[in-house]
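Please have the sequence and the model open while reading.

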Amino acid sequence: MAEILIEGGRRLQGTVRVSGAKNAVLPILAASLLASRGVSAIEEVPSLLDVEHMIQTISAIGARVQREGTTLRVDATQLSSVEPPHDLVRRMRASFVVAGPLLARFGEAVVALPGGCNIGPRPVDLHMKGFEAMGARVTLENGCVHLQAPPGGLHGARIYLDIASVGATQNIMMAACLANGQTIIENAAKEPENVDLANYLNAMGARVRGAGTDTIRIDGVPELNGAVHSVIPDRIEAGTFLIAGAVLGEGVYVENAVSEHLTSLVAKLTEAGATLEDDVRGIRVWPIEQRRLRAIDVKTHYYPAYPTDLQAQMVAALTTATGTSMMTETVFENRFMHIAELQRMGAEIHIEGRTAVIEGVEALSGAQVTATDLRAGAALVIAGLMADGQTMVQGVHHIDRGYDDLVGKFQSLGAAIRRLES
Ligand code: UD1
């Protein structure tokens with residue numbers, strides 16, 4: 001079991017390069033299953049446990065995947081099964097997006113109900129409603145979703161999503177690429193990762209229009225080919241370093257950070273007293289006066305609002321702000337597990353319903369803490385870097401799910417942080 005040991009209080013300085021986006025590469029790997037001809041080359045693939053899981057999942061049903069540095073070559077022309085191993089799918093919620101491609105290409109799929117981060121109930125009812133609207137028969141047996149297309153294949157449909165779900169938008173968009181006729185998804189998720197997925201699908205020969213807006217139109221085509229695609233930079237990883245740079249930096253440049261994907265974060269950090277400057281290659285964050293942020297109120301919501309995946313990291317940074325901050329989580333229930341750990345480090349936070357009320361303290365103190373999910377883990381690392389003394393973070397496998405060399409990247413900025421394997 002790995003642990004992360006941090007000597008807090010060091011200032012951060014220098015350049016850090018952001019890797020490809022986890023939340024784009026996962027659906028893109030699933031989408032590669034749609035190609036009945038040709039090989040895909042997916043570039044800028046980060047080295048993450050979640051990516052390994054997705055590679056294992058698609059390999060287990062016959063896709064041939066080869067890694068050359070940060071490029072993955074995927075040959076899905078000869079698949080052997082429409083039922084990926086249940087234990088692999090259960091391990092990661094994002095695996096459920098293999099359902100749409102398999103259903104569309106083979107007319108059937110059997111996919112276990114997913115697991116994932118420990119952040120509240122995360123149903124897939126909207127995915128299933130979408131498949132049903134396209135003519136599929138959807139049944140639930142022994143914890144698995146059985147999907148069966150009508151004779152002649154899926155048909156286009158007009159689908160309104162009650163919630164702008166990221167995963168449901170992806171699953172329906174992928175299924176619609178090979179359906180007969182036009183599918184319209186209304187109240188679609190607008191996240192940049194979904195735009196990246198649509199760009200990859202279009203490079204494969206699909207006809208997807210409107211990704212990044214509320215309404216996506218997909219005209220079905222008979223078949224898709226492999227394609228070359230470079231994954232967008234990870235805005236959550238970029239945001240994690242910008243938050244750390246704001247609260248601890250002596251000038252940190254986050255290379256590859258795309259400012260148009262990070263408008264809400266940049267606005268909130270600026271309101272909290274940070275100075276950020278973007279250019280074509282990335283975003284620089286300058287040191288703040290008095291080395292403490294100002295208290296702010298933040299509410300998470302769907303893109304382009306403040307992302308739930310940067311909630312925990314911002315809470316960590318606000319623990320030492322001057323004044324009282326409020327963080328309201330509207331996307332997921334139960335996503336405040338990091339708060340008990342931050343309290344152990346001296347943070348003064350209490351929870352009122354969906355809001356965390358953060359009374360800024362002068363300083364945090366190092367402690368032994370446990371990451372309960374991916375972003376909670378990143379928050380505890382930031383808190384450890386801010387704290388006086390030593391912090392030991394356990395539950396590091398959560399961090400490995402979604403950060404490519406977080407420890408090495410903080411080391412390159414001058415942090416006293418190391419990973420202990422035992
Ligand atoms: C994706 C991201 C995750 C991020 C989240 C919200 C990936 C791999 N993961 O997760 O990092 O935190 O978006 O930005 O891209 N819901 C339903 N029924 C459904 C689907 C969702 O009720 O069928 C609810 C969920 O419980 C949740 C909300 O909708 O409360 C948002 O979920 P969704 O957008 O689907 O998130 P994911 O795609 O799982």
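**Ligand shell and salt bridges**

Helix 5 gives three residues to the shell around the ligand, the largest share. The model is a predicted one, in which local features need pLDDT of at least 70 and side-chain atom pairs count only at pLDDT 80 or more, while totals for chains, interfaces and linings use all residues. Residues are numbered from 1 along each chain as its sequence is written, and side-chain values use heavy atoms, with hydrogens and water left out.

**Ligand surroundings**

- Of the 20 residues around the ligand, the nearest are Arg93, Asp125, Leu126, Ser165 and Asp309; a residue counts as near if one of its heavy atoms lies within 4 Å of the molecule or strand in question.
- At least two shell residues come from each of helix 5 (125-133) and helix 6 (166-176). Helices (H or I, at least four residues) and strands (E, at least two) are DSSP runs, numbered from the N terminus.
- The shell is made up of ten nonpolar, five polar and five charged residues. In this scheme Ala, Val, Leu, Ile, Met, Phe, Trp, Tyr, Cys and Pro are nonpolar, Asp, Glu, Lys and Arg are charged, and the others, Gly among them, are polar.
- A polar side-chain atom of Ser165 lies 2.6 Å from a ligand oxygen atom.
- The backbone also takes part: a polar backbone atom of Val331 is 2.8 Å from an oxygen atom of the ligand, and a backbone N or O atom of Pro123 is 3.3 Å from an oxygen atom of the ligand.
- On its own the ligand has 730 Å² of accessible area, and the protein covers 88% of that. Accessible areas come from the Shrake-Rupley method with a 1.4 Å probe; for residues, only the protein chains shown count as cover.

**Salt bridges**

- There are 20 salt bridges in the structure, each being a side-chain nitrogen of Lys or Arg within 4 Å of a carboxyl oxygen of Asp or Glu.
- Asp50 pairs with Lys22 in a salt bridge whose closest N and O atoms are 3.6 Å apart. Asp50 belongs to helix 2 (residues 49-60) and Lys22 to helix 1 (residues 22-31), so this pair ties together parts 28 residues apart in sequence.
- Both Asp50 and Lys22 are buried; buried means under 20% relative accessible area, exposed over 50%, and partly exposed in between (1.4 Å probe, protein chains only).
- Asp214 and Lys190 form a salt bridge through their side chains, at 2.9 Å from N to O. Asp214 sits in the loop between strand 12 (207-209) and strand 13 (216-219), and Lys190, 24 residues apart from it, in the loop between strand 11 (182-186) and helix 7 (192-203).
- Asp214 is partly exposed, with 39% relative accessibility, and Lys190 is partly exposed at 25%.
- Lys409 and Glu237 meet in a salt bridge with an N to O distance of 2.6 Å. Because Lys409 is in helix 14 (residues 406-412) and Glu237 in helix 8 (residues 235-248), the pair ties together parts 172 residues apart in sequence.
- Lys409 counts as buried at 12% relative accessibility, and Glu237 is buried at 3%.

**Pro46**

- Pro46 lies in the loop between strand 4 (39-43) and helix 2, and counts as buried at 2% relative accessibility.
- Beyond its neighbours within four places in sequence, Pro46 has contacts that include Ser19, Lys22, Arg67 and Asp404; contact means heavy atoms within 4.5 Å.
- Val25 is 21 residues from Pro46 in sequence, with 8.3 Å between their C-alpha atoms.

Methods
A polar contact is a pair of N or O atoms within 3.5 Å; within protein, one must be able to donate a hydrogen and the other to accept it, and residues adjacent in sequence count only if both atoms are side-chain atoms.
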